[in-house]
Amino acid sequence: MLSATFCLIVFVGSSLTAVSAQVRPAPNLRALPEVTNVKLGDNITLECATQGSATASVFVWFHGQNKDLVFYGDDLHDMSKKRHEVVSYSNKMSRISIKDVRFEDHGRWLCEASFGSQPKEEVETRLSIKSPPQWQNVTKEKSFSLHLRQSLQLNCTAEGEPAPTVTWTGDTGANGIILPDGTVTEYYIGNVLTLGNLTAGHSGHYYCRASNGISPSIGEAFILKVPFAPVVVVRSSEVRARSNETFQIGCLIKAHPQVRSTSGVTWFRGSNVITNDREGYRYSVNPSTDGLESTSILTTPKVDRSVEGRYRCEARNPHGSSQAEIRLIAGPAIKPDAGASRSGASSLSSFPYLLVITLMIAISRA
């Protein structure tokens, strides 16, 4: 009986990364090398050859657990694999190339040799491609303005090896992600995030991040705006300002529609409305690009006893209004309290999911 052996040789055409090739030993067969590395996008050459004086009548290449036929002799059988070609062929060897390695190339590659009437022999290698996440399907729109009780689906599907995990987080009025059953969670794992029966509490920023332990991880950000009345926040309910210096009081506003100009904000000293650019007072409104937040800064005249008192920042939009109060005291400046002050609690209670606000610091300047 004629006995023949042959080996499988893997050549790597560019720089290396974590891809392993593990060879299954078979009688009278040898495969070299036992381990090789390649990265996504590289070009690989696989060579299957007999040893000694043995010659094969035909070499056949298969891919995958189902032994899908790729090459029979020097002919490409699977036309979907046009990145694959036979680069050299004889009765002693078959050399094939895989260009632009992709995830679909992973798994079992088997070379089978026929020796006429003698038993066929085969050798195989397994390619396990390690690659960082890449987006496969991502919601293109990044900003949404929807109405109450509508729904929204956001998609962040990634590919990689190993398969990436997609984690969602939310900076919203509910201080998390509101699931369709109404529960609030700090994070959600899955490719598709479904937001249903929208409330004001759904408004805010949503972030998806795909990771699989291979750097770098990747992320996307979305913003959802659902109509809600303004929420006004100040850093502290009481501040001290140095005498004979101007002082700035700030308030942060979140609302949809966004408060974009001074027409949506009124400042009070006590019960008196402060007229902009009058008697040394002036204030401005600076909307952020996210379509939700705005900052209003009130600059006072030089502080003395006549400027002391209680100041209120009031913001409004078509869905309601809210305000926050600050007490200004003339004297040595002190560090503001750590807590935030919210007023208009009765109006806020009707919006249980209103946004949790990043606090705005009252700023003093010379």
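Colleague: What should I keep in mind about the model and its numbering?
Modeller: It is a predicted model, where local features need pLDDT of at least 70 and side-chain atom pairs count only at pLDDT 80 or more, while totals for chains, interfaces and linings use all residues. Residues are numbered from 1 along each chain as its sequence is written, and side-chain values use heavy atoms, leaving out hydrogens and water.

Colleague: Why is Thr157 called buried?
Modeller: Buried means under 20% relative accessible area (1.4 Å probe, protein chains only). Thr157 comes in at 14% relative accessibility, so it counts as buried. Across the protein, buried residues make up 46% of the 366 residues.

Colleague: What makes the link between the side chains of Thr157 and Asn155 a polar contact?
Modeller: The two side chains are 2.7 Å apart in that contact. The rule asks for a pair of N or O atoms within 3.5 Å, one able to donate a hydrogen and the other to accept it, so the pair qualifies.

Colleague: Which residues does Thr157 touch, leaving out those up to four places away in sequence?
Modeller: Gln134, Trp135, Gln136, Asn137 and Asn191. Contact here means heavy atoms within 4.5 Å.

Colleague: What makes up the lining of the largest pocket, by class?
Modeller: Five nonpolar, three polar and three charged residues. Ala, Val, Leu, Ile, Met, Phe, Trp, Tyr, Cys and Pro count as nonpolar, Asp, Glu, Lys and Arg as charged, and the others, Gly among them, as polar. So Arg269, Arg278 and Glu279, which are among the lining residues, count as charged.

Notes:
Buried < 20%, exposed > 50% of the residue type's maximum accessible area, 1.4 Å probe, protein only. 1 Å grid on protein atoms, 1.4 Å probe; cavity = no way out; pocket = protein on both sides within 12 Å on 5 of 7 lines; lining within 4 Å.
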